[in-house]
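Biologist: Please show the sequence and the structure, and let us then work through some questions on them.

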Amino acid sequence: MWEDFINALNNFRRNKTRTFLSLLGVIIGVASVIIITSIVSSSTKQVSDSFGSVGLDMVSVSSGGMWRGRSAVSLQFNDTFRDNLFDNVENIKKVWYKNSLSATLTYGQTSGSVSCSAIETGYLEAYNLELEEGGRFFNVTDNEEGTQKIILNHDTATNYFPSGDAVGKKILLVVNRVTFNFEVIGVLKEQTTGMENGSAFIPRGFYNKKIQPNAQAAQIIVQCISEDKATNVVDKIKEYCTSLTGTDTSVNVSSMQSMLEQISKITSTLSTMLSAIAAISLLVGGIGIMNIMIVTVTERKQEIGIRKALGASPRDIKQQFLVESASITLIGGVFGIGVGALLSLAIEYVQKISYVVNGNACLIAFVFSVFVGIFFGLNPASRAAKLDPVVALSGE
């Protein structure tokens, strides 16, 4: 077989233009598959990076707002619901209640509207958020007693305290035209990804006592025992809430992990469809190779006749031409992968996204290209193997 491969290379050198045209269809087909899968993989990675790795074990639950007849059906997000959630849904590590409010924050001459979140102790730590030096998170006392302490995110703190000395300062929080005096006890470090992007945070105990007494939670944040359990927990919470209300729209349940999985499925399906379309050019290239090989067999009848006269079997002749057609697609596949990778790199450099080469796609495209060469070379090779030596030797 190695000798057949060397002979194939020699024939390619003798017919450079014909070989190049045969290679072109394979190169374009393989390169198209590589480019498409690389761009899709890179785009998927960019979306994943925008979500970040923090908070993938978190599940968000909020009221769905349903109607049964004329009466609104809603779940009560109270302590009883929290306890029942632990009892009926597995893989839950912790449950936090949260309320959001619009407020006006004022310090000195600086004033502006902020999205403020009333949270329970440990909520921010669960997202692996970090504080700038000198600050602290809410403790149990802050939540139980409803102390007037506030934590600012990085951008908010920078707007109100450009010099970076926010911790320990008194700041005014205006809610429903009522002004409260809060002490800044911490500033979150800057973050570019993640699920939690509130501007300011206060103890939920204060919210329940001073802003909206005995308020039910507007949102539940569930922490799973691990990231890979998040999607399952989303489904189980939906099932549990449906059993309580009799409707599957009782709550809105979501998690970054489940969203990433859905995005991955969509992009994977899209990549497969586009790659299948691109692979059509490989088939077209294969048809071209078959035509070239038929012409080659016709031109080399005397060579075939001489080999048969010297004792070559039909199997040897068939193998010779199969190796030759497979060699074309093998070489085309290698060049196609290189061209596809370079063009993908160029496209993604212009688009300013991270470069990801789909290794599986490269392997599949390469193997498929070789298969195309064998498949479409089978007919010409069989024709060559069946030639009568006398007829072959008498051919021009």
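Modeller: A salt bridge is taken here as a side-chain nitrogen of Lys or Arg within 4 Å of a carboxyl oxygen of Asp or Glu. This is a predicted model, in which local features need pLDDT of at least 70, side-chain atom pairs count only at pLDDT 80 or more, and totals for chains, interfaces and linings use all residues. Residues are numbered from 1 along each chain as its sequence is written, and side-chain values use heavy atoms, with hydrogens and water left out.

Biologist: What is the average pLDDT of the protein?

Modeller: pLDDT is the predictor's confidence in each residue, on a scale from 0 to 100. It stays under 50 over residues 66-72. For the protein, 90% of the residues score at least 70, and the average pLDDT is 81.

Biologist: How many contacts beyond four places in sequence does the model have for residues 66-72?

Modeller: A contact means heavy atoms within 4.5 Å. For residues 66-72, counting beyond four places in sequence, the number of contacts is 10.

Biologist: Which residue forms a salt bridge with Glu183 at 2.7 Å between the closest N and O atoms?

Modeller: Side chains of opposite charge can pair when their charged atoms come close. A search of the whole structure finds 8 salt bridges. One of them has Glu183 and a partner with closest N and O atoms 2.7 Å apart; Glu183 lies in strand β8 (residues 178-187) and the partner in strand β6 (residues 149-152), so the pair ties together parts 34 residues apart in sequence, and the partner is Lys149.

Biologist: In which strand is Lys170, whose side chain also meets Glu183?

Modeller: The side chains of Lys170 and Glu183 meet in a salt bridge at 3.9 Å, N to O. The pair links distant parts of the chain, 13 residues apart, with Glu183 in strand β8 and Lys170 in strand β7 (residues 170-175).

Biologist: What is the relative accessible area of Lys169?

Modeller: The side chains of Asp165 and Lys169 meet in a salt bridge of 3.3 Å, N to O. Buried means under 20% relative accessible area, exposed over 50% and partly exposed in between, with a 1.4 Å probe and protein chains only. Asp165 counts as partly exposed at 36%, and Lys169 is partly exposed at 26%.

Biologist: Which residues of helix α10 are buried?

Modeller: Helix α10 covers residues 301-309, and its buried residues are Ile304, Gly305 and Lys308. Seen down the helix axis, they fall within an arc of 100 degrees (from the directions from the axis to the C-beta atoms), so one face of α10 is lined by these buried residues. Ile306 also lies in α10, but is partly exposed at 46%. The buried ones are therefore Ile304, Gly305 and Lys308.

Conventions: Helices (H or I, at least four residues) and strands (E, at least two) are DSSP runs, numbered from the N terminus.
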